[in-house]
Amino acid sequence: MIEVRSLCKSFGEINAVRNVTFTAENGKVTGLLGPNGAGKSTTLRILYGLLTQDSGDALIDGVEIKSDRLLAQRKIGVLPDSHGLYIRLTAREHIHYFGRLHGIDRNLLETRTNELIRLLNMESIADRRVEGFSQGERMKVCLARSLIHDPPNVLLDEPTNGLDVMTTRTVREIILELKQRDITVLFSSHLMHEVSRLCDHIIIVSEGSIVASGSTDKIRAAAQEDNLEDAFVKLVEGVTS
Amino acid sequence: MHPIAIVLDKEFRDARRDKRSVMSAFLFPVFAPVMVYFMLTAIIELRVNAQKITIPVQGGEHAPGLIQWLEEKDVSIVDFTGDARAVVKAKDRDVIIIIPENYQQRLAELRSIEIEVVSDGSRTDSQPTVGRVHELLREYNREMASLRLIARGVSPEVMQVIVGRVTDVASKQQRTAAALNFIPLYIILSAFVAGMGIAVDSTAGERERKTLEPLLINPIERYHIVMGKWIASSLFSALGMVMTLVLCVAAMLQVPLDQIGLQFNVTAWQIVLMIVATLPLAFLATSMQMLLGIFAKSFKDAQSYIGFLTLLPVIPSLYMMFNPMATREWMFAIPMLGQHLLLVDVLGGKDVPLIGYVYSAVSCLVLGMGLVLLTARFFQKESIISN
């Protein structure tokens, strides 16, 4: 479970996150929806321990990240904003590196790696160096390395951004599979259809604040629009204007 | 496995596969000794050849005694007839000796004989030959004068009021070490060259390729990451340094130094001492490069700063070359200067007090560790992931 209470973060003059409060429950998919620059990535970065909030609480399974970063980081699997890979390492070596950093022992690491390789359909590329991988193949490596330690909470920053249909489908399947295993999934996106399709709970953010949250139906009702996209635009513009 | 070991293992594996960076890291350690070998061999050959000269002589038939004496001194004599000045001016000959017709007559009269040495003072390449000719003529003059005195029952010593006697306190080995003082410089330089690729790639490169953010999400201490990268880079640097050292020594053993009166011997123990003396420098060199790598925006950016950094080790060595001063114990504590002094002393076969090794190792490691902790502090900052 991920809990965020009255979270605030500013960079100089810019208030990136203003008083954000939400909870992402176990076994549910929570979507952070908002236009570019709404504060989605900043919120996620605070949750995965790369930024520290100015005020408010951010807890992973009850652990405040600010006070015990390492313990909180053990409980999360993250697909961050940057999808950089080491071009001279193979896909398998990437997964192993992160698995080892999580302290997984050798035998379990081997089993988990093979499981993930199967799950993500990457048998044919597993032992190739990642240089020259397609966008989709790179994304699979990133996903695999973020899930290697079987985390109870998964955070995904724009997981389907720039992917082809096939890979997008794989990512969706993974998200649903995680949900079934009672894992907390929190992901950010600016794609309405993506969010409406996958999420049990939607949080719409704009300019650092939450403008609406709840189920798809609830958000449509709040904006008095039938279409989620129209609802989204209406809610976001309500803040900006 | 400890997190430091995990990062170390990954960085080492990654760097080893980077063919271009491995090439540039180990080009210097291989190329420098080869260059040293060919350069020194060429210099020695020049010097040796300067002794074996050919002198064109005009009127040699007037002084058969001098000609014979010269030939005994490894000089080949060729007869010359014509306009000596014009020929030398036209650079066809380096030097020409003209012996006057009245040589025998003046010799018999015990009067000075003028021997003309025609040379071109504006040419630097003929200087050694011309110098050698003058030296030979002076020597012949001394010998003949002594014989004349002895014939008259006078000791030749009356001609020598004072005699300078050379007492060189340096051993042959030490003189060799002083003449070869570029070897310590090369070894110190190689520490900076060999570790640079991996030190920069694992800091600036990691940021540039956007792999830093995913890495930092892992539940490990930031300074463990930095330590792992540091040790990996330092191993590369140390490897390059040991290679340079061993290959330089191997090259020196092949150079015919004995032909110019120098002598180069090295024992396995001396090589071990030199490695011990310089290894701490590997850790310092890479710590500097990593700190710069963290400041830099990209790999390219970092390389341009680090170019200047590589000049740093040259400073103490050059300073010592132009301002030689007696070694004091505190000097060992100055990074790079300490290593330079240790290497010169070990190569010269001098016994270096243990404190010299301790000072130089401790100063390098403490400074290196300090820079690494500073780098780790930058890793803690939020701005590390943004630009």
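Is A:Glu158 buried or exposed, and how many other C-beta atoms lie within 10 Å? A:Glu158 is buried, with 22 other C-beta atoms within 10 Å, where a residue counts as buried if 20 or more other C-beta atoms, placed from the backbone, lie within 10 Å of its own, as exposed if 12 or fewer do, and as partly exposed in between.

This is a predicted model, in which local features need pLDDT of at least 70 and side-chain atom pairs count only at pLDDT 80 or more, while totals for chains, interfaces and linings use all residues. Residues are numbered from 1 along each chain as its sequence is written, and chains are lettered from A and ligands numbered from 1 in the order in which they are written.

**The two chains**

For chain B the value is 31 Å, whereas a compact globule of 387 residues would have one near 21 Å.

An automatic or database domain assignment divides chain B into domain 1 (3-38 + 172-386) and domain 2 (55-159), and the centres of these two domains, taken over C-alpha atoms, are separated by 55 Å.

Helix H11 of chain B (residues 268-295) has 28 residues and should span 40 Å at 1.5 Å a residue, which agrees with the 41 Å between its end C-alpha atoms; the expected span is 1.5 Å times one less than the number of residues. H11(B) has a kink of about 30° at B:Thr278, shortly before the proline B:Pro280, the bend being the angle between axes fitted to the seven residues ending at a residue and the seven starting there.

Helix H10 of chain B (residues 222-254) holds B:Trp230, which is buried, with 30 other C-beta atoms within 10 Å. Apart from neighbours within four places in sequence, B:Trp230 is in contact with B:Thr286, B:Ser287, B:Met290 and B:Val372, contact meaning that the C-beta atoms of two residues, placed from the backbone, lie within 7 Å.

**Where the chains touch**

The contact between the chains takes 23 residues from chain A and 19 residues from chain B. On the side of chain A that touches chain B, helix H2 (69-74) and helix H3 (91-101) each supply at least two residues, and H3(A) gives the most, with 4 residues.

**Two residues with positive phi**

Most residues other than glycine have a negative phi. A:Glu158, which is not a glycine, has a positive phi of about 50° and lies in the loop between strand S7 (153-157) and helix H6 (165-180) of chain A. A:Ser6, also not a glycine, has a positive phi of about 50°; A:Ser6 is found in strand S1 (residues 2-11) of chain A and is exposed, with 12 other C-beta atoms within 10 Å.

Key:
The radius of gyration is taken over C-alpha atoms; the globule rule is 2.2 Å times the number of residues to the power 0.38.
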